[in-house]
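User: Hi, could you walk me through this one? I'd like to go through it piece by piece.
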Amino acid sequence: MAVDIESYGDPDRTTPHRLTIRDGLDHALRRAFDEARVPWFDCRHENTGDGTFVLIPAQVSKGPLVETLPAALARELRRHNETHRPQERIRVRVALHAGEVAYDDQGVTGPAINRTFRLLDAPPLKTALAESPGTLALITSAWFFDEVVRNSTVADIGAFRSVQVSVKETATTGWISLPDHPYSSGAAAGSLTSTVRSTQQPAAAGVGDPGNAGSTLPRDVPVFTGRVDELHLLTATVAAAAEQNTLGTAIHVVDGMPGVGKTTFAVHAAYQLARYFPDGQIFLELHGHSAGQPAVASTDALASLLLLRGVPTLAIPSDVDDRARLWREKMAGKRILLLLDDAVGDEQIRPLLPGGTGSLVLITSRRRLESIADAGRVSLDTLSPKDAAAMFDRYTFGQHDPDAVDELMRLCEYLPLAISLTAGRLRCHPGWTARQLAGDLTRSHNRLKTLRADNRSVAAAFDLSYRDLNPHQQRLFRRLGLFPGSNIDAEAAAALDDTTVETAREHLDVLYLNHLLDEPAPGRYRLHDLTRAYSRTLTDPGADAGAFERLLDHYIDTVRAAHRFVHSATPRLELIVRAPIPARQFATESEAIAWLSAERTTIGACIISGATNGEIRRAAELAIAFHPFLEQHGHWLDDHRIHQAVLSAEQAAGDVTAEAATLVDLGRLQRLLGSFHDAAKTLARARGLHSELGDRLGEANALDEAGLVQLELAETQRRAAEWVPPGIDTTKPSSSRTYDYLLGGAHNFPADREAAEQAEKIMPGIRDVARLNRTFLVRVVRTLMDLGIRQFLDIGSGIPTVGNVHQIAGEIDPRCRVVYVDRDPIAVAHSKMLLRTSEHATIVHADFTDPDGIFADPEMHRLDFGEPIGLLMVAMLHWIPDASDPHTLLAEYRRRVPAGSYCRIKQRWVGNPVGGSWS
């Protein structure tokens, strides 16, 4: 996305005017991205002087970029203009395009970027803005209009006008829209527009706009065919209940045989119903019948849902019931559409149901889920002969011999998967005919029983597609069945197939064109569950021996290459002596971290698959190599699960060498998770095994970690004199010290630990809540530091231990100034002792409800009120009674801090807190 400010260089604008304009645009963009549910900090953004350039990650849904973001940006610009002088008002041109980009040390480049800026400079766009009374003129590329705008159930394509763009070397078509002064969507929009819009139902009164919330739904199929009765039954039932506010939590199960189109149907229905669920539409794959991949456990599915809703990794409970409760709490009062794809049974689904009222759960499954008695049911059969022929014609974009098509559909048994594969073959071979393809299908008898599902056409379609490949492509297809992850890139495929990356990429593209692979993201390929099962049946134990081992070696060496940028607390042990294979090299830390993040789930799947399929040493070595990244990025629970799986395999196989190495990292994880006593036991066994093996380095690593555990346990006693002021009775629990213990800190005493353990019995998730608060604090301070903030006022701070503000900020800039505020005299007394040697951090004994007392305290001179301040209120406001009028108090704090300051709040809400005054 490229943004250009109109008349930015106007001579009447001074430098202060331009600075105000740039600041106003930045603020408006952030607010608009937030409303569109596009994470601003996940994007790469560059100030271009007179505008902004934004690179949005490929996995982010593109619909909100035209459905929500332009209108939100126009509104924010109007708000800015209403409160600023004419020279500081903003009108912008915006260009949207999508495509591949390349990164290097100089930045980004690529034809897609050039085209975006050519669209931005298009004279018709400049004219459209000049003639509009609004604040924004938007232009999209032809690709973006065809693939995103036309397929949106929200965007009004009648508000777009086609223009010819000719700028420098670029000659193309663009589509212009004026979000805050739209063109009429009447006949002038053209016949295509009128046709498309006439098929869309008008939104009911009071119905929400799905663009206002995030959506992870896959792209809807533009050539969806048939299912008229089933679709009407489902959508009419849900829509009527939603409009009458009698929906409750509706559950509808879509079942049917493999390949019948359950997911396609459910996604299509979800798009038609999306407007009734303004708080989001979520698609979650449960892999109930994915070959070679276990069904997603409820606990892991809940983790995915909670992560999607913004819950940090460390704040997600480990127990499935606790996760389910937290999920229901997050969804309280929300109206969402949750699509659970490929479910295996009731026990997998029940914990994922959001509860409350006003939501819809769509479930697809190959099984008839009879145990969900209150669910509506849509059982899909094969298509009618008429719909099957229509689907084939739409996929092949041509006219064929009707009798030949009828015969071909009969041989496909009218099954959508078989039809799409067969149509794909014909479309890629323009010289073929439907009659010829029907004859080939009739003569094909190599049908695999395991894939028939009482229907020979599925196996026949796969068999024909496979036979169409050359021997090298067939070999890669067979070996892809050995891949345990959800999707694969060309480098991993090259290792699996023992070939070059270029060759692997070519073969993957052929498999994609033959509909044997999907491409869910650019450069990443995925086997459908049926094609994966088919592929596995073709595996040759002789010809394909060593493929999975090469895959593990590829990930081991590539993870090690990436970890050149990732610090490790202890030396990484090598369990296998082998020649290294060529691994990808990373030029920058951001590139390495991006790769590790993208491959995180795949590498975890490879480790567990290796551990359970006899490649224990490789699995252990990959887990050891991957551990520093998982640790440093907070994926402790995932890392712990992986190490436990590897450890179980090692112990079952009696591999004490691998077990000893795994135990060291597992003990470290237990320490990080606060299980100090478990960590001590684990590390004691690790030390004993390393000692028996004569491995002095391993023994030293175990001792090092064990020492850290003991330091954690003994820190309070050894440093008590440094931070316990005279007169404090440590035999009585303190809320601040108890909170420190819940965080895993050492500034606490037996009475505090006993109080915390009693609290955990009453509220089992209290430790996770404490760590969630601290994780939030770390992220907030780092974010504000990135925004230029160098001083903080932390109200309700407690004792500043375990990675608090002055420690986090000091790691980035030692000159940062911090003033803590707390009303607990014990916390203040401890804090003064801890901070007595700090030049830049202090604490004030005062209450949030007394801003006059806080700002009058002499310690506040540490802050420079001529510069912006980061005002922090973490887990504090919910303690303020309504009688104290926290809304007015917050307004008073906002009035007192300098312009350009930021306020970050985290609090616990019970019930529905949202009222007219909240935003």
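Analyst: Happy to! One term before we start: axes are lines fitted to C-alpha atoms, and angles run from 0 to 180 degrees between N-to-C directions. Also keep in mind that this is a predicted model.

User: Got it. Which strands does helix H33 lie across, and at what angle does it run to S18?
Analyst: Helix H33, residues 805-812, lies across strands S17 (791-795), S18, S19 and S20 (870-874). Its direction is at about 170 degrees to that of S18.

User: And in what order do the strands of that open sheet come?
Analyst: The order is S19-S18-S17-S20-S21, five strands with parallel pairing. From one strand to the next, the twist averages 15 degrees.

User: How many bridges does S18 make with S19?
Analyst: Five, with S18 (residues 817-822) and S19 running in the parallel sense. To find a pair on screen, look at Val818, whose bridge partner in S19 is Ala841.

User: Changing topic: what about the seven strands that form an open sheet, is the pairing parallel or mixed?
Analyst: Mixed, with the strands in the order S2-S3-S1-S4-S7-S9-S8. The edges are S2 (44-47) and S8 (160-167); each has a single partner strand, so one side of each lacks a neighbour in the sheet. Here the twist averages 20 degrees from one strand to the next.

User: How do S4 and S7 run, and how many bridges join them?
Analyst: S4 (residues 92-96) and S7 (residues 136-141) run parallel, and five bridges join them. Ala95 is opposite Ile139 of S7.

User: Which strands does helix H3 touch?
Analyst: H3, residues 69-82, packs on the sheet and touches S4 and S7, with its direction at about 155 degrees to that of S7. Helix H4 (residues 111-120) packs on this sheet as well, touching S1 (2-5), S3 (51-55), S4, S7, S8 and S9 (170-177). The direction of H4 makes about 145 degrees with that of S4.

User: Now strand S12. How many of its residues are buried?
Analyst: Five of its five, 337-341, so going by the cut-off of under 20% relative accessible area, S12 is mostly covered. In a regular strand, side chains alternate between the two faces of the sheet. On S12, one side carries Leu337, Leu339 and Asp341, the other Leu338 and Leu340, and both faces are covered.

User: Which strand pairs with S12 over five bridges?
Analyst: That is S11, residues 281-285, in the parallel sense, with Leu284 bridged to Leu340 of S12. S12 also pairs with S13 (residues 359-365), again in the parallel sense, over four bridges. Leu339 is opposite Leu362 in S13.

User: What is the phi of Asp342?
Analyst: It is positive, about 60 degrees, although Asp342 is not a glycine. Asp342 sits in the loop between S12 and helix H12 (346-349), and is buried at a relative accessible area of 10%. Arg37 also has a positive phi, near 60 degrees. Arg37 belongs to the loop between helix H1 (15-35) and S2, and is partly exposed, with a relative accessible area of 41%.

User: Onto the inside. How many residues are in the largest nonpolar core?
Analyst: There are 52, and those with the most contacts inside it are Leu480, Tyr555, Leu596, Ile607 and Leu622. Among the elements that give two or more residues to this core are helices H18 (471-480), H22 (547-562), H24 (600-612) and H25 (616-632). Apart from this core lies another, of 48 residues, including Leu247, Ala269, Ala423 and Leu437.

User: What is Leu622 in contact with, leaving aside its neighbours within four places in sequence?
Analyst: Its contacts are Leu552, Tyr555, Ile556, Val559, Ile603, Cys606 and Ile607. In soluble globular proteins, nonpolar side chains tend to be buried together.

User: Last one: how many cavities of 30 Å³ or more does the structure hold?
Analyst: Four. You've met Leu480 already, among the residues with the most contacts inside the largest nonpolar core.

Definitions and conventions:
Residues are numbered from 1 along each chain as its sequence is written. This is a predicted model: local features need pLDDT of at least 70, side-chain atom pairs count only at pLDDT 80 or more; totals for chains, interfaces and linings use all residues. Side-chain values use heavy atoms; hydrogens and water are left out. Buried means under 20% relative accessible area, exposed over 50%, partly exposed in between (1.4 Å probe, protein chains only). Two strands pair if DSSP finds at least two bridges between them. Contact means heavy atoms within 4.5 Å. A nonpolar core is a set of buried Ala, Val, Leu, Ile, Met, Phe, Trp, Tyr and Cys residues joined through side-chain atoms within 4.5 Å. On a 1 Å grid over the protein atoms alone, a cavity is a set of points where a 1.4 Å probe fits but cannot get out, and a pocket is an open set with protein on both sides within 12 Å along at least five of seven lines; lining residues have an atom within 4 Å of a point. Grid points are joined across faces, edges and corners, and a volume is the space filled by probe spheres set on the points.
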